[in-house]
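Here are some exercises to work through with the model open beside you. Try each task before reading its solution.

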Amino acid sequence: MAWIVLVLSGVLEAGWALALKQSSGFTKLWPSVWFVVLAAASFAGLSFALRSLPVGIAYGVWVGVGAATTAVAAAVMLHERMSVLTVVSLVLIVAGVVGLQLSGSSSHA
């Protein structure tokens with residue numbers, strides 16, 4: 001259960017990052033509200049996962065999922081360009097997240 005919540009929290013991290021971008025420095029109300037709501041939910045999920053997962057592994061997975069999801073969502077929704085190097089780097093992040101998950105499942109705290 002902690003792993004599912006952790007991955008979903010990483011996806012929420014992408015949501016708050018995109019909302020932050022859309023808030024234009026907190027000058028737009030609704031993107032700013034979404035930022036606060038999504039950030040709180042994302043951190044709450046990370047906090048829940050940290051009850052049973054090691055902090056180094058959980059934080060690495062949370063950041064990795066958030067970073068990769070944010071990059072892909074920004075490319076799709078905001079039409080940000082992605083080079084071949086960007087795509088390869090995202091694949092490496094995902095591979096790292098999988099590796100961290102595998103290592104975390106064998107060394108439970």
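## Exercise 1: Helix H3

Helix H3 covers residues 55-77, 23 residues in total, and its first and last C-alpha atoms lie 31 Å apart, close to the 33 Å expected at 1.5 Å a residue. Helices here are DSSP runs of H or I with at least four residues, strands are runs of E with at least two, and both are numbered from the N terminus. The expected span is 1.5 Å times one less than the number of residues. A note on the source: this is a predicted model, in which local features need pLDDT of at least 70 and side-chain atom pairs count only at pLDDT 80 or more, while totals for chains, interfaces and linings use all residues. Residues are numbered from 1 along each chain as its sequence is written, and side-chain values use heavy atoms, with hydrogens and water left out.

**Task.** Which residues of H3 are buried, and which residue just after H3 takes a positive phi?

**Solution.**
- Step 1. Set the cut-offs: buried means under 20% relative accessible area, exposed over 50%, and partly exposed in between, with a 1.4 Å probe and protein chains only.
- Step 2. Read along the helix: the buried residues are Ile 57, Ala 58, Val 61, Trp 62, Gly 64, Val 65, Gly 66, Ala 68, Thr 70, Ala 73, Ala 74 and Ala 75.
- Step 3. Step past the end of H3: His 79 takes a positive phi of about 60°.

## Exercise 2: H1 against its partners

**Task.** Find the angle and the distance between the axes of H1 and H3, then do likewise for H1 and H2.

**Solution.**
- Step 1. Two packed helices are described by the angle between their axes and the distance between the axes. Axes are lines fitted to C-alpha atoms, for helices over the stretch in contact, and angles run from 0 to 180 degrees between N-to-C directions.
- Step 2. H1 (residues 2-22) packs on H3 at about 45°, with the axes 7 Å apart. Angles under 35 degrees count as roughly parallel, over 145 as roughly antiparallel, 65 to 115 as roughly perpendicular and the rest as oblique, and H1 and H3 are therefore oblique to each other.
- Step 3. H1 passes H3 in a right-handed crossing; a crossing is right-handed if the near helix is turned clockwise from the far one by less than a right angle, and left-handed if anticlockwise.
- Step 4. Residues in this contact (heavy atoms within 4.5 Å) include Trp 3, Leu 6 and Val 7 of H1 and Ile 57, Ala 58 and Val 61 of H3. They divide into 16 nonpolar, five polar and one charged, where Ala, Val, Leu, Ile, Met, Phe, Trp, Tyr, Cys and Pro count as nonpolar, Asp, Glu, Lys and Arg as charged, and the others, Gly among them, as polar.
- Step 5. Turn to H2 (29-49). The axes of H1 and H2 come within 8 Å and cross at roughly 160°, so the two helices are roughly antiparallel.
- Step 6. H1 passes H2 in a left-handed crossing. Among the residues making this contact are Val 5, Leu 12 and Trp 16 of H1 and Trp 34, Phe 35 and Leu 38 of H2.

## Exercise 3: H2 with H3

**Task.** How are H2 and H3 oriented to each other, and which residues make the contact?

**Solution.**
- Step 1. The angle is about 150° and the axes are 10 Å apart.
- Step 2. H2 and H3 are therefore roughly antiparallel, and their crossing is right-handed.
- Step 3. Ser 42, Phe 43 and Leu 46 of H2 meet Ala 58, Tyr 59 and Trp 62 of H3. The contact has five nonpolar residues, one polar and no charged.

## Exercise 4: Loop residues

**Task.** Are Phe 26, His 79 and Leu 53 buried, partly exposed or exposed?

**Solution.**
- Step 1. Most residues other than glycine have a negative phi. Phe 26, in the loop between H1 and H2, has a positive phi near 65°. Phe 26 is partly exposed, at 48% relative accessible area.
- Step 2. His 79 lies in the loop between H3 and helix H4 (84-106) and is exposed, at 66%.
- Step 3. Leu 53, in the loop between H2 and H3, is buried, at 3%.
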